[in-house]
Amino acid sequence: MAGDSTESELVSVGLVENDPGYQEKIRAALEGMPEIGEVRAWESAEAFWRDPHGRGLGLLLLDIKLPGMHGV
């Protein structure tokens with residue numbers, strides 16, 4: 001059926017956000033979307049870079065005002 005997502009079409013999304021409350025709101029919104037297969041989150045850009053699970057994402061959302069290494 002047109003518009004149906006299969007597992008191979010699902011997008012894996014990464015989220016780098018240091019505010020836990022905001023991170024959870026974004027994660028919940030993304031997980032509610034049928035096109036999204038997986039949502040991974042990190043509290044800092046440094047944590048993202050150290051985690052090998054951050055590679056191969058279809059989309060990465062970055063907070064641009066992070067402490068330490070910023071999202072730009």
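E31 is partly exposed, its relative accessible area being 47%; here buried means under 20% relative accessible area, exposed over 50%, and partly exposed in between, computed with a 1.4 Å probe on protein chains only. This is a predicted model, in which local features need pLDDT of at least 70 and side-chain atom pairs count only at pLDDT 80 or more, while totals for chains, interfaces and linings use all residues. Residues are numbered from 1 along each chain as its sequence is written, and side-chain values use heavy atoms, with hydrogens and water left out.

**Salt bridges**

- The count comes to 2 salt bridges, a salt bridge being a side-chain nitrogen of Lys or Arg within 4 Å of a carboxyl oxygen of Asp or Glu.
- E31 is joined to R27 by a salt bridge, with 3.6 Å between the closest N and O atoms.
- Both E31 and R27 belong to helix α1 (residues 20-31), where they are 4 residues apart, about one turn of the helix. Helices (H or I, at least four residues) and strands (E, at least two) are DSSP runs, numbered from the N terminus.
- E38 forms a salt bridge with R40, and their closest N and O atoms are 3.0 Å apart.
- E38 is partly exposed at a relative accessible area of 35%, and R40 is also partly exposed, at 27% relative accessibility.

**Sheet and helix**

- An open sheet is formed by 3 strands in the order β2-β1-β3, with parallel pairing; two strands pair if DSSP finds at least two bridges between them.
- Its edge strands, each pairing on one side only, are β2 (36-42) and β3 (59-62).
- From one strand to the next, the twist averages 20°.
- β1 (residues 11-16) pairs with β2 in the parallel sense over 6 bridges. The bridge partner of V16 in β2 is W42.
- Helix α1 lies across β1, β2 and β3 and runs at about 170° to β2. Axes are lines fitted to C-alpha atoms, for helices over the stretch in contact, and angles run from 0 to 180 degrees between N-to-C directions.

**The loop residue N18**

- N18 is located in the loop between β1 and α1 and is partly exposed, at 32% relative accessibility.
- Not counting residues up to four places away in sequence, N18 touches E43, D63, K65, L66 and P67, where contact means heavy atoms within 4.5 Å.
- N18 and L62 are separated by 44 residues in sequence and by 9.8 Å in space, C-alpha to C-alpha.
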